[in-house]
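User: Can you walk me through this one? I'd like the helix packing and the chain contacts.

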Amino acid sequence: MAHTVQDAMAKKLEEGINGSASAQFSDKDDLTPEEIAALPPDDFVLVPYNEEEAERGGYSNYSYWGSTIRMFFKNKVAVAMLAIMGTMLLFTVIQPYLPNQYDPYTCNLITKEMIDEGLVPEKSIVGMPIKNLKPNRVFWFGTNANGQDLWAQIWQGSRNSLIIGFATALIEAVVGIAAGLLWGYVRWLDPIFTEIYNVLNNIPSTIILILVSYVLSPSMGSVIIALSITGWIGMARFIRTQVLIIRDRDYNLASRCLGTPTGRVVVKNLLPQMVSVIMLRMALAIPGGIGSEAFLAYIGLGLPLQTPSLGNLANNGRKLMSTPALRYQLLIPSAFLAVITICFYLVGNAFADAADPRNHV
Amino acid sequence: MITIVIILFVLFAMLKVMPIEGYFSNFDKLSQAAIDRGLRELGVRDPLYVQVGRFVKNLFQGDLGISHRYMENKPIKDIIAPKVMVSLRFGVISMLVSLPLGMILGVIMALNKGGIFDKLGNAYIVVIQAVPNAIYFLLIQVYGAQLLHCSMLWREGQAITMILPILSLALPSISSYGMWLRRYMVDETNKDYIKLARAKGVPNATIWFRHVFRNSVVPMVQLIPGSLLMTISGSIYVESLYSIPGMGGLLVDVIKRQDNSMVHALTLIFAVLGILGLLLGDIAMTLVDPRISFSKKGGSR
């Protein structure tokens with residue numbers, strides 16, 4: 001009995017649904033050609049962008065990088081620093097191709113004309129190297145103890161220092177981010193990486209630096225490798241902390257529950273969150289690398305003496321600082337080093353602030 | 001503990017790679033037999049576990065070893081002890097100077113957030129953090145000595161020659177203490193309980209010093225034992241610039257001379273100091289802030 005009642009009810013329901021559906025759509029389903037021709041053509045024209053209407057529809061033209069750049073250019077100090085930095089970078093590249101530049105490596109010799117023009121003291125002997133000449137209109141930054149033009153040396157040195165800074169920052173970032181993501185995200189790797197960190201952090205980096213310089217002959221490459229070997233673990237630890245903070249947020253949990261592969265969670269969910277902090281670390285790693293190079297030069301493990309770098313030049317100047325007349329050889333490289341590092345530091349900080357979406361309005 | 005053993009193994013393994021010429025001052029003149037004998041006496045030919053085991057065994061008998069090349073056949077303890085005292089004296093004085101100054105700087109910057117003092121303090125912090133230490137240390141030495149009319153180098157018993165090294169040591173720490181304290185204080189002022197206190201009408205001075213300052217100092221306290229212990233290792237720049245006979249640069253020196261037993265002893269000391277610093281920092285933090293506890297209680301997850 002009950003069976004038939006249910007059947008009857010189901011049939012009734014079905015009929016009701018079909019009935020209402022056909023009532024709704026029967027006359028609107030297919031337009032006849034005449035009806036189509038009768039539609040107003042104005043409805044099918046592209047409308048220009050209208051902000052008010054767009055907001056009503058929930059559309060936003062927010063673009064992450066656009067806002068980042070806009071925020072960055074609001075910071076006047078940072079823009080000024082960026083301009084100085086850009087000019088310096090450009091100049092380090094084009095300087096050797098400008099006219100009337102001395103070669104940074106040749107020892108300039110005293111010529112007859114120089115004595116006649118009063119550039120060098122009267123008693124100088126023609127053919128001797130121009131040693132420790134003070135800045136003047138020919139040698140803008142003077143010459144060093146070998147008679148090399150300090151102006152050319154400084155630019156060559158800035159070039160080398162910047163290459164070292166950029167290369168170490170890049171290697172540190174790539175290795176450090178990869179290791180840090182694994183360290184933070186894969187739970188069973190955590191104790192292993194923590195142990196590696198404790199060990200690396202407590203082995204004096206000087207030993208590593210000396211070993212690297214024994215294995216490889218001192219050159220730009222060996223300095224870059226030595227600095228990267230000692231530097232990546234700091235970056236990795238930093239990334240690990242960031243990953244730990246956002247790893248177990250609800251949206252990542254949801255992502256995992258929906259079966260997103262780990263690699264995709266890491267690349268799409270975690271990395272974009274960390275753009276600003278990674279940029280900050282990288283921007284600070286460049287002046288850091290330049291500073292470490294200066295430290296290596298100071299303890300005598302840096303670039304070979306004939307390769308100029310800002311660290312090497314400042315260190316050479318240090319040896320002469322007890323003679324007040326020769327202090328320009330310390331002050332000029334120091335000033336360059338200071339300007340470059342401060343520019344990178346400020347621009348990096350400002351960029352990191354701008355890249356943080358929480359600061360976007 | 002395990003960490004230290006691993007560190008020792010890695011260290012001994014790395015020192016094995018060092019060229020053997022470095023262990024002798026007159027390598028060229030030595031016969032092969034003499035070289036073999038010398039290396040056997042140094043123990044660098046032994047397998048790793050033998051070397052580490054011997055070092056640890058001597059350590060438990062209170063023996064750090066004997067220097068081979070830095071000061072021939074002198075016990076390492078006797079070499080290090082006076083150097084530690086010198087470095088410690090400079091480090092502690094500079095900390096006594098920099099901690100209060102750094103805290104004052106941080107408080108002033110936080111109170112004056114966005115104002116002129118904040119900007120000046122920021123400029124100082126940026127310059128100190130960005131410019132490599134070596135550069136401004138050199139400038140302080142050259143021009144400071146002129147200004148004070150004193151010798152560029154440190155002399156025992158002349159108090160005036162201590163001013164510049166202490167200043168050089170203190171400048172970076174003042175900037176970092178100031179920077180962090182400002183950061184913590186600004187973060188603290190944005191918290192809800194401070195807003196409530198303001199709404200309640202608690203006087204401004206009370207809010208700043210009873211609530212904001214006291215809560216912001218907690219994370220700073222954690223750093224203090226570590227940095228105090230680390231002053232023992234000295235500063236390589238400052239000590240070599242002012243020719244202070246301290247610990248700074250000693251490690252670089254003995255590594256270059258390949259005095260392995262000195263390298264072992266120093267690395268061990270620095271590693272122990274580093275780990276001890278972290279531990280003491282945690283303890284100090286629990287002392288200052290009773291809410292923090294590292295022991296597992298029933299209620300925690």
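Analyst: A definition to start: axes are lines fitted to C-alpha atoms, for helices over the stretch in contact, and angles run from 0 to 180 degrees between N-to-C directions. Helices (H or I, at least four residues) and strands (E, at least two) are DSSP runs, numbered from the N terminus. This is a predicted model: local features need pLDDT of at least 70, side-chain atom pairs count only at pLDDT 80 or more, and totals for chains, interfaces and linings use all residues. Residues are numbered from 1 along each chain as its sequence is written, while chains are lettered from A and ligands numbered from 1 in the order in which they are written.

User: OK. At what angle do α8(A) and α1(B) cross?

Analyst: Roughly 60°, and the axes of helix α8 (residues 190-202) of chain A and α1(B) come within 9 Å. The two are therefore oblique to each other. Angles under 35 degrees count as roughly parallel, over 145 as roughly antiparallel, 65 to 115 as roughly perpendicular and the rest as oblique.

User: Left-handed or right-handed when α8(A) passes α1(B)?

Analyst: Right-handed. A crossing is left-handed if the near helix is turned anticlockwise from the far one by less than a right angle, and right-handed if clockwise.

User: Which residues make the contact of α8(A) and α1(B)?

Analyst: A:E195, A:N198, A:V199 and A:N202 come from α8(A), and B:T3, B:I6, B:I7 and B:V10 from α1(B). They divide into four nonpolar, three polar and one charged. Two residues are in contact if their C-beta atoms, placed from the backbone, lie within 7 Å. Ala, Val, Leu, Ile, Met, Phe, Trp, Tyr, Cys and Pro count as nonpolar, Asp, Glu, Lys and Arg as charged, and the others, Gly among them, as polar.

User: Zoom out. How many residues of chain B are in contact with chain A?

Analyst: 28 residues of chain B, with 29 residues of chain A. On the chain B side, α1, α5 (116-130), α6 (133-148), α11 (250-256) and α12 (260-288) each supply at least two residues. The largest share, six residues, comes from α1(B). That side divides into 23 nonpolar, four polar and one charged.

User: How do α7(B) and α9(B) cross?

Analyst: At roughly 130°, with the axes of helix α7 (residues 160-189) and helix α9 (residues 204-230) of chain B coming within 9 Å. These helices are therefore oblique to each other, and α7(B) passes α9(B) in a right-handed crossing. Residues in the contact include B:Y177, B:W180 and B:Y184 in α7(B), and B:F213, B:P219 and B:M220 in α9(B). The whole contact divides into nine nonpolar, three polar and one charged.

User: Now α8(B). How many of its residues are buried?

Analyst: Of its nine residues, zero, so α8(B) lies largely in the open. A residue is buried if 20 or more other C-beta atoms lie within 10 Å of its own, exposed if 12 or fewer, and partly exposed in between; C-beta atoms are placed from the backbone. B:G201 follows α8(B), with a positive phi near 90°.

User: And α11 of chain A, how many buried?

Analyst: Zero of the eight residues of helix α11 (residues 250-257), so α11(A) lies largely in the open. Just after α11(A), A:G259 takes a positive phi of about 90°.

User: Chain A overall: how many helices and strands?

Analyst: 15 helices and zero strands. Of its 361 residues, 32% count as buried.
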